[in-house]
Amino acid sequence: MAVETTTEVELVDLAASPLRDLNRRLHELAGSDSRPDRWRVVNTNGAHAVACGLDAPIEVEVAGHVGYYCAGMNQRATVRISGNAGTGVAENMMSGTVIVGGNVSQSAGASGRGGLLVVHGDAGARCGISMKGVDIVVRGSIGHLSAFMAQRGTLVVCGDAGEALGDSIYETHIYVRGRVAGLGADCVEKEFRAHHRAELHSLLERGGFDDVDPSGFRRYGSARTLYNFKIDNAGAY
Amino acid sequence: MAAIHAGGWQPGLRESYLYDRNVIAEIQRAAREGIYDIRGFGAKRRVPHFDDLLLLGASISRYPLEGYRERCGTDVVLGTRFARKPLELKIPVTIAGMSFGALSAPAKEALGRAATEVGTSTTTGDGGMTPEERQSSKLLVYQVLPSRYGMNPDDLRSADAIEIVVGQGAKPGGGGMLLGHKISDRVAEMRDLPKGIDQRSASRHPDWTGPDDLEIKIIELREITDWEKPVFVKVGATRTYYDVQLAVKAGADVIVVDGMQGGTAATQDVFIEHVGIPTLPAVRLAVQALTELGMHRRVQLIVSGGIRTGADVAKALALGADATSIGTAALIALGDNSPEHEEEYRAIGSAAGYYDDWQAGLDPVGISTQDDDLAGRLDPVLGARKVANYLRVLTLEAQTLARACGKSHVHNLEPEDLVALTVEAAAMAGVPLAGTNWIPGSGEASR
């Protein structure tokens, strides 16, 4: 007798039922047997806070564009957004995976502490701001002040990066294949060693970007000159 | 000139008002060290405060309540606007947000125990929630700060209320810096940063930038917590009228306004003393903003910044606040600046009654430190007892004053029960100068 697998997808139409119902039902999966474990949300119409606060090993497919904070504070879930996402997609995510088919607005993955955020389009300003352990892979380009005060985790950009990349960065690793318009305070280009190549390769693979050649990237990180306040550095701010 | 060297003042020695001894010492220190003075505590300059107001006790035209006999209620419910589970407090005084990192673990535990003992709430701080703190605090408010250090949805869900911190009275518009020498292994781990480096706390939130964004951020936090928790918005007092209106518009359940006297663990002295407005005008502006929107009492107002006595509590409530919050005073109750440690304060270049180097991590009492030996001196049970006693005294004092004004609940105190001692306080608080019906500035746009 064949093992039964879950193939049914729970369909939620946001034109017919309120967002509150969707999030409530998704939250109820935490601590339960997490069934149904596959969800499809349609008619998102730019709604904010779609599928935020999840904490279950489920797959949520969001068909269309979403507003702010989609998949915010995600834990364990995989959220796929087919369209564009507004400000703060996957903000403060802890674990799981968030994949955006289109572009994302500013502060994507802000303060994220774990998990993986994949963006197939471009990301706006402040991508990975204050990131604390999340990994972010962007196929396109990212805007200014990305990875501002970034603490941990890795940011991979297959396109270009805007002004003030990695301003006041701590221990986050940044890899950029294209042009960097400018580096922020205390962010410098760093040596690309074998383990960095392995890290980059692994992230591209996890992001599903097997077609991207890892050899063309440059690595950026902290010069660590601002880690302890010295008056002689005051001109750097 | 020999007489001068003999020490002490004598006729002809005239100190400059402009360049007094503190100013001269600070100029000399700046020239020597090449960096601004960073310290803890709040503003030390004199500003108009609740001391400049008096309550009008009942007499013939008003009827008092019997002290020690007749009931005067002190309970407060916070978060009645949208939250499914509002915060129910027994007293109108809460413990303000102070971080684990700035404070030792026993200090945080003591504050939680004390708040629990008297039926009020305590608040996390910049650095996340510790399990000890959650365990010791029956009612715990979880702060969402710009740094998002330790931010965790599990903690968010375990909290009893959420406080979005936009600013604090000691440094509106400023972030913070926890200096490297206070970063223990545990603090570093909680904040996702290496040990020993200065930890900058951002001044701006990473994922929202204005009132329209804030509205959506609040919705997200409500969605994550299934609309259960009250959402507070805390601002440092500056453009208070507008900030309060914008916070109401953004959907706050509760607004916390922290005047410039509010304390800090580590901020530049120039920031503490020169940015923000005093608590006194801030209360009036906040109440005015709420009243004009028809939201006074529907969105609750917590006022902090220099609350020291039950008189301060009563006067803040009379001006229209729903509750008050204490930080500095709670630490003093816990033992900060106690003469018991005079010798040790002297050894680190300070004195009991003057100690404000909370940033340094050398606190002999064990409050503002991450040194295990120093922190170990603070008994959280004994400390909690002292803070609980103090909270009870604040409440009893406020009740005493309210009864004298004929009020069966501290919330029945009203601006009509107040007069001001100075023209400045009258203008700022919007109550008449004592013995007159003159409220300077009334009838004019004063926002």
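**A strand and its setting**

Reply: Strand β8 of chain B is mostly covered, with 5 of its 5 residues buried. A residue is buried if 20 or more other C-beta atoms lie within 10 Å of its own, exposed if 12 or fewer, and partly exposed in between, the C-beta atoms being placed from the backbone. The model is predicted, and local features need pLDDT of at least 70, side-chain atom pairs count only at pLDDT 80 or more, and totals for chains, interfaces and linings use all residues. Residues are numbered from 1 along each chain as its sequence is written, while chains are lettered from A and ligands numbered from 1 in the order in which they are written. Helices (H or I, at least four residues) and strands (E, at least two) are DSSP runs, numbered from the N terminus.

Two strands pair if DSSP finds at least two bridges between them. Across this pairing, B:Gln143 stands opposite B:Glu163, and B:Val144 has B:Ile164 as its bridge partner. The strands β7(B) and β8(B) also form a right-handed β-α-β unit with helix α5 of chain B, residues 153-158. Right-handed is used here for a crossover in which, with the strands pointing away from the viewer, the path from the first strand over the helix to the second runs clockwise.

β8(B) also pairs with strand β11(B), residues 231-236, in the parallel sense over 4 bridges. There B:Ile164 has B:Val233 as its bridge partner.

These strands belong to an open sheet of 8 strands in chain B, with parallel pairing and the order β5-β15-β14-β12-β11-β8-β7-β6. Its edge strands, β5 (93-95) and β6 (122-123) of chain B, each pair on one side only.

Chain B also meets chain A: 23 residues of chain B are in contact with 36 residues of chain A. Contact is counted when the C-beta atoms of two residues, placed from the backbone, lie within 7 Å. On the chain B side, helix α7 (residues 211-224) gives the largest share, 6 residues.

In chain A, helix α2 (residues 194-206) has 13 residues and reaches 18 Å from its first C-alpha to its last, close to the 18 Å expected at 1.5 Å a residue. The expected span is 1.5 Å times one less than the number of residues. A:Leu200, A:Leu203 and A:Leu204 are the buried residues of α2(A). Seen down the axis of α2(A), they fall within an arc of 100 degrees, so they line one face of the helix. The arc is that of the directions from the helix axis to the C-beta atoms. An α-helix has 3.6 residues a turn, so residues three or four places apart point the same way. The buried residues of α2(A) pack against β7 (132-138), β8 (152-157) and β9 (173-176) of chain A. On the face turned away from the buried side are the exposed residues A:Ala194, A:His195 and A:Ala198. After α2(A) comes A:Gly208, with a positive phi near 80 degrees.
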